[in-house]
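Morning, everyone. Please look at the model on the screen, and I will walk you through it.

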Amino acid sequence: MSLVAGETIELRGPNGCGKSTLLRIMAGLQQPDSGDIARYVDPIGYLGHKFGLASILTVQENLRWTSTLIGSKLDTTRARELLETFELRTEMSKLIQELSAGQKRRCSFVCLLIGNYKLWLLDEPFSSLDSRGEKLVRELIEEHCRKGGSAVIASHSASPIAQAVQVELGIG
Amino acid sequence: MKFVPSWLNRLASPQHFFIDIKPWIMWLYVLGTIGLLVGSVWGLAFVPPERYQGDSFRILYVHAPIAHLAQLIYISIAIAGVVHLVWKLKMADVYMSAAAPVGCWLTALALVSGMIWGMPTWGTAWVWDARIVSTLILFFLYFGLIVLRRVIPNPARAATALSILAIVGAINVPIIKFSVEWFNTLHQPASIELFGDVSIDRVFLVPLFINIASISVLSAGIILAYMRYLVVERNASMTWIQEWSRGKNQ
Amino acid sequence: MRFWAFYRRELLIEFRSGVESFIPVVFFLLVVGTFAFTLHSVFTGDSRVLVSVIWITTLFTSVLSLDKLFKRDHADGTLAVAVLHRDAITTTVVTKLIAHWSVTGIPITILGPTVGLLSGLQIDHALMLGFTLLIGTPTITMLGALVTALLVGLGRGGELLTVLILPLYIPTLLFGISVCHLHIESASYTSELLWCFALLTGSTTAIPLALGPVLKMSQDS
């Protein structure tokens, strides 16, 4: 299996077939039992079951941390725009632990965008999002791929993502 | 890896190790037991009593080999740790897991035999003497390795964690020994040495060397046998293990 | 620039957790206090006992506080994010350790000699105690962080950590105490002090480089 720029793969399959594990192996968070993996992009934007947000920091402080990680200063106007898109503008100085699960998920996506990652590894990106949120994220992924980014997505969503290559995983 | 002789290369694979090593274990056991009997009987019955300590020094023939080996095994585990981190050899991990309990037991035996020697010599079983304390710490280090192996469910992660702890521990072992000795000289007069500062006669040394060699051989046998056991346990799903066990049942 | 941004974040987290970040310091005072009260005249009468008690309590405080070093970051997933930024991970971890040392090591370095002074330690002996704690606590933090990193995500408590770490702390402890004892006895302590520095240099240079890979490995549960 290989992935080139601008391509999206959607992993599908029943619970326990190893979608999350495959994503974690791709990210390098886990060692494969057998086989090899070659990565040519660094860093990777990974969004797992956990939100990846420090719960006693505010939304803005978390965004600032992400931009420090990639070695730049937080572009506040861009951050403000992104928060606006995700309807988090008013929550900007709230602590993460005060947000709802859906809002946290949205905030993780803002971090993902702030990080300017070329490769996204998204584990169940639509979980805990409402229908508006899901639509937003869908558009976001499509736009990311149009701009030459790539993504691997594990999802259960009924409707597949437009340009994505569907990969069906089985158990065993 | 072209500098490695082919037989060693072959042993790095669990399957070949499992099959090739089997006949050796029995020989190591036999050789070790005979050597231990010869050395101990010689040391206990035929060596003259020592000038100052009388007969009580004879426990040296058990104590010294065990204590030396206990330290040596810890260093060897750390070397296996380096091998594991650098070359990702599976057998290095198997060695670490097998050698740690053996080393732990040897350290415990060294402590107990030291206490038995201490009773007639010092008049008390336990003295906070530098060597005793550093052996005790070695015991804790071994214990840590064994516990760490047990608490990490993922075998790959456990092996890496074990390697790192063993390496850090092994770097620490000489520093610990040194610091404990140094610290002790501040507070206590030098204790009685096992062999004093008398020059040691060859009569005393021959059985000692026989015992050092035999206990090493015996421990090697035990470690290899345990390694075979671990190979079976970890490769239980492999076809070659299943074929082997089927062959065994017939 | 990156360093200060990370440092600010770590300190913010410490301050936001409020009274929780005082637990190590209170623990330290509590244990030293218990010793002082039960040992009574031995504690105040013999400076060497006093110094040893403060040093040993420092070790226990360190183990206690290290237990939660990576716990929060692992639980909310920020540790996984940090680990994926390979060129930032060493800075991230070193900053974390420095921040941790700022809120445990520095207070103890100040509190230890203060408690000593209040219990009748001479001022120059107290200063020497403070100095050995100042160069000893970073070593303790580094060694402890490495072992803690091995255990990230296992959900194991502090007693396992204690068993794994304390044997590794022995040299730092013994050389630190040696310097103080020799100073109290007015003997030469140069070589012991050099050993303290050697341990400090060794641990602060080697361990940060190992921490990134170890933390990455620890994501594999």
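Which residues touch the most other members of the largest nonpolar core? They are A:Val110, A:Leu121, B:Leu165 and C:Leu146, in a core of 166 residues. A nonpolar core here is a set of buried Ala, Val, Leu, Ile, Met, Phe, Trp, Tyr and Cys residues joined through C-beta atoms within 7 Å. Buried means that 20 or more other C-beta atoms lie within 10 Å of the residue's own, with C-beta atoms placed from the backbone.

A word on the ground rules. This is a predicted model, so local features need pLDDT of at least 70 and side-chain atom pairs count only at pLDDT 80 or more, while totals for chains, interfaces and linings use all residues. Residues are numbered from 1 along each chain as its sequence is written, and chains are lettered from A and ligands numbered from 1 in the order in which they are written.

Back to the core of 166 residues. Its largest share, 14 residues, comes from H10(C). Helices are DSSP runs of H or I, at least four residues, and strands are runs of E, at least two, both numbered from the N terminus.

So let us look at H10(C). Of its 27 residues, 21 are buried, so the rest of the structure largely encloses this helix. H10(C) bends by about 45° at C:Tyr169. That bend is the angle between axes fitted to the seven residues ending there and the seven starting there. A proline, C:Pro171, follows within four residues. A straight helix of 27 residues would span 39 Å, but H10(C) spans only 34 Å between its end C-alpha atoms. The expected span is 1.5 Å times one less than the number of residues. After H10(C) comes C:Ser186, with a positive phi near 55°.

Next, the interface. 19 residues of chain C are in contact with 26 residues of chain B. Contact means C-beta atoms, placed from the backbone, within 7 Å. On the chain C side, two or more residues come from each of H9 (123-150), H10 (158-184) and H11 (190-217). H10(C) gives the largest share, eleven residues.

Now chain B. Its secondary structure is eight helices and zero strands. Of its 250 residues, 36% count as buried. Its C-alpha atoms fill a box of roughly 60 × 40 × 35 Å along the principal axes.

Last, what does B:Leu165 contact, leaving aside neighbours within four places in sequence? The partners are B:Gly144, B:Leu145, B:Leu148, C:Leu150 and C:Leu164.

Conventions. Contact = placed C-beta atoms within 7 Å. Buried ≥ 20, exposed ≤ 12 C-beta atoms within 10 Å, placed from the backbone.
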